Amino acid sequence: MKYLVCDDSKMARKMLIKDLKNLVGEEIEVFEATNGLEALKLYEEVFPSITFMDLTMPEMNGFDAVEKICKIDKNAKIIVVSADIQEASKAKAKANGALGFIKKPINEENLKQILLKLKVL
């Protein structure tokens, strides 16, 4: 299974990848992007099973990246991972195509519940 983790914070990407490996296993295939534009390009190359997307990033923000990815792939599974917990942000991310939302810092149990909901655990 392929995962795409998009966050401009290297530490945030590493922590999410560590949690994914704890839950899914060390052998997962993970691709990393530092902004929405990189995520969009990587998505078109690897078509990951699940994408984790931050919202606030340079070049292209997560809202726009989610919307563009969902135009390319109507079945894209995108989970927003953000410290921005405003209801308006959650609603906009979902309206753009995100399937779920995880608050930073990530709680491994919340991540597990999202993966179970998506039936990938």
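Visitor: In this predicted model, is the crossing in which α3 passes α4 left-handed or right-handed?
Guide: The two helices are α3 (residues 62-72) and α4 (residues 87-96), and their axes come within 8 Å. As α3 passes α4, the crossing is right-handed.

Visitor: Is α3 roughly parallel or roughly antiparallel to α4?
Guide: The axes of α3 and α4 cross at roughly 20°. Angles under 35 degrees count as roughly parallel. The crossing angle of α3 and α4 therefore makes the two helices roughly parallel.

Visitor: How many residues of the contact of α3 with α4 are nonpolar, polar and charged?
Guide: On the α3 side the contact is made by Phe-63, Val-66, Glu-67 and Cys-70. From α4 come Ser-89, Lys-92, Ala-93 and Asn-96. Sorted by class, the residues of this contact are four nonpolar, two polar and two charged.

Visitor: What volume does the largest cavity have?
Guide: Searching the whole structure finds one cavity of 30 Å³ or more. The volume of the largest cavity is about 40 Å³.

Visitor: Which element gives the most to the lining of the largest cavity?
Guide: The lining includes Val-5, Cys-6, Ala-12, Arg-13, Leu-16, Phe-52 and Met-53. Two or more lining residues come from each of β1 (2-6), α1 (10-24) and β3 (50-53). With three residues, the element that gives the most is α1.

Visitor: How many residues of the lining of the largest cavity are charged?
Guide: Asp-7, Arg-13 and Asp-54 are among the lining residues, and Asp and Arg count as charged. The lining has seven nonpolar residues and no polar ones. The number of charged residues is three.

How values were computed:
Residues numbered from 1 in each chain as written. Predicted model: local features only at pLDDT ≥ 70, side-chain atom pairs only at ≥ 80, totals over all residues. Heavy atoms only, no water. 1 Å grid on protein atoms, 1.4 Å probe; cavity = no way out; pocket = protein on both sides within 12 Å on 5 of 7 lines; lining within 4 Å. Points joined across faces, edges and corners; volume = space filled by probe spheres on them. Helix = DSSP H or I, 4+ residues; strand = E, 2+ residues; numbered from the N terminus. Axes fitted to C-alpha atoms, helices over the stretch in contact; angles between N-to-C directions. Parallel < 35°, antiparallel > 145°, perpendicular 65-115°, else oblique. Left-handed = near helix turned anticlockwise from the far one by under 90°. Contact = heavy atoms within 4.5 Å.
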